[in-house]
Amino acid sequence: MAGCNTAVANIVMSCVVLLALELITPLFKYTPNAVLASIIIAAVVPLVDIPAAILLWKIDKFDFLACMGAFFGVVFKSEEIGLLIACAQLRIVSFGLT
(Lines give C-alpha, C1' and ligand atoms only; values in the text may rest on other atoms or scores of the structure.)
Protein backbone atom coordinates (compact mmCIF):
# COMPACT_ATOMS: atom_id res chain seq x y z
CA MET A 1 0.00 0.00 0.00
CA ALA A 2 2.97 2.33 -0.55
CA GLY A 3 3.33 3.48 3.05
CA CYS A 4 -0.33 4.09 3.85
CA ASN A 5 -1.34 3.73 7.47
CA THR A 6 -5.14 3.62 7.25
CA ALA A 7 -7.84 2.26 5.00
CA VAL A 8 -8.75 5.79 3.92
CA ALA A 9 -6.03 5.47 1.28
CA ASN A 10 -8.05 2.71 -0.39
CA ILE A 11 -11.11 4.95 -0.52
CA VAL A 12 -9.09 7.81 -2.01
CA MET A 13 -7.46 5.45 -4.51
CA SER A 14 -10.82 4.02 -5.62
CA CYS A 15 -12.23 7.54 -6.07
CA VAL A 16 -9.22 8.53 -8.19
CA VAL A 17 -9.56 5.39 -10.34
CA LEU A 18 -13.30 6.01 -10.79
CA LEU A 19 -12.67 9.62 -11.77
CA ALA A 20 -9.91 8.60 -14.19
CA LEU A 21 -12.15 6.00 -15.82
CA GLU A 22 -14.98 8.49 -16.18
CA LEU A 23 -12.73 11.08 -17.78
CA ILE A 24 -10.36 8.95 -19.85
CA THR A 25 -12.67 6.24 -21.23
CA PRO A 26 -14.42 8.54 -23.76
CA LEU A 27 -11.03 9.28 -25.33
CA PHE A 28 -10.84 5.64 -26.51
CA LYS A 29 -14.04 5.96 -28.57
CA TYR A 30 -12.19 6.75 -31.78
CA THR A 31 -9.27 4.40 -31.19
CA PRO A 32 -9.25 1.56 -33.74
CA ASN A 33 -10.07 -1.90 -32.41
CA ALA A 34 -6.74 -3.22 -33.70
CA VAL A 35 -4.86 -0.80 -31.44
CA LEU A 36 -6.96 -1.77 -28.43
CA ALA A 37 -6.45 -5.45 -29.23
CA SER A 38 -2.68 -5.00 -29.43
CA ILE A 39 -2.69 -3.27 -26.03
CA ILE A 40 -4.63 -6.18 -24.53
CA ILE A 41 -2.37 -8.77 -26.15
CA ALA A 42 0.74 -6.97 -24.89
CA ALA A 43 -0.71 -6.99 -21.37
CA VAL A 44 -1.79 -10.65 -21.45
CA VAL A 45 1.32 -12.29 -22.93
CA PRO A 46 3.36 -12.02 -19.69
CA LEU A 47 0.48 -13.67 -17.81
CA VAL A 48 0.95 -16.97 -19.68
CA ASP A 49 3.26 -19.03 -17.47
CA ILE A 50 4.66 -21.86 -19.60
CA PRO A 51 7.04 -23.26 -16.93
CA ALA A 52 4.08 -23.59 -14.55
CA ALA A 53 2.15 -25.52 -17.20
CA ILE A 54 5.12 -27.83 -17.73
CA LEU A 55 5.37 -28.38 -13.98
CA LEU A 56 1.64 -29.10 -13.86
CA TRP A 57 2.09 -31.67 -16.65
CA LYS A 58 4.81 -33.40 -14.63
CA ILE A 59 2.81 -33.38 -11.38
CA ASP A 60 -0.78 -34.09 -12.43
CA LYS A 61 -1.86 -34.74 -16.01
CA PHE A 62 -5.59 -34.30 -15.28
CA ASP A 63 -5.03 -30.83 -13.82
CA PHE A 64 -2.92 -29.99 -16.86
CA LEU A 65 -5.78 -31.04 -19.14
CA ALA A 66 -8.17 -28.84 -17.17
CA CYS A 67 -5.68 -25.99 -17.44
CA MET A 68 -5.33 -26.41 -21.20
CA GLY A 69 -9.08 -26.82 -21.65
CA ALA A 70 -9.68 -23.58 -19.79
CA PHE A 71 -6.91 -21.82 -21.72
CA PHE A 72 -8.16 -22.85 -25.16
CA GLY A 73 -11.78 -22.27 -24.17
CA VAL A 74 -10.96 -18.70 -23.16
CA VAL A 75 -8.77 -18.05 -26.20
CA PHE A 76 -11.17 -19.41 -28.80
CA LYS A 77 -14.60 -18.80 -27.23
CA SER A 78 -15.11 -16.79 -24.03
CA GLU A 79 -14.24 -16.70 -20.36
CA GLU A 80 -17.43 -18.49 -19.42
CA ILE A 81 -16.81 -21.35 -21.84
CA GLY A 82 -13.21 -21.75 -20.63
CA LEU A 83 -14.33 -21.90 -17.01
CA LEU A 84 -17.11 -24.33 -17.91
CA ILE A 85 -14.67 -26.63 -19.71
CA ALA A 86 -12.23 -26.66 -16.78
CA CYS A 87 -14.97 -27.27 -14.21
CA ALA A 88 -16.51 -30.05 -16.29
CA GLN A 89 -13.16 -31.77 -16.73
CA LEU A 90 -12.35 -31.58 -13.04
CA ARG A 91 -15.82 -32.79 -12.06
CA ILE A 92 -15.54 -35.78 -14.39
CA VAL A 93 -12.11 -36.65 -12.96
CA SER A 94 -13.19 -36.14 -9.34
CA PHE A 95 -16.23 -38.40 -9.71
CA GLY A 96 -14.21 -41.00 -11.57
CA LEU A 97 -16.28 -40.94 -14.72
CA THR A 98 -13.26 -41.19 -17.01
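## How α4 and α5 meet

The helices α4 and α5 cross in a right-handed way (right-handed if the near helix is turned clockwise from the far one by less than a right angle, left-handed if anticlockwise). Helices here are DSSP runs of H or I with at least four residues, numbered from the N terminus. This is a predicted model, where local features need pLDDT of at least 70, side-chain atom pairs count only at pLDDT 80 or more, and totals for chains, interfaces and linings use all residues. Residues are numbered from 1 along each chain as its sequence is written, and side-chain values use heavy atoms, with hydrogens and water left out.

On the α4 side, the contact (heavy atoms within 4.5 Å) is made by F62, D63, L65, A66, G69, A70, G73 and V74. From α5 come E79, I81, G82, I85, A86, Q89, L90 and V93. Sorted by type, the contact has 10 nonpolar, four polar and two charged residues (nonpolar: Ala, Val, Leu, Ile, Met, Phe, Trp, Tyr, Cys and Pro; charged: Asp, Glu, Lys and Arg; polar: the others, Gly among them).

## The largest pocket

A pocket is an open set of points on a 1 Å grid over the protein atoms alone, where a 1.4 Å probe fits, with protein on both sides within 12 Å along at least five of seven lines; lining residues have an atom within 4 Å of a point.

Lining the largest pocket are V48, D49, I50, A52, A53, L56, C67, M68, F71, V74, V75 and E79. Two or more of the lining residues come from each of α3 (50-59) and α4 (61-76), with α4 giving the largest share, five residues. The lining has 10 nonpolar, no polar and two charged residues.
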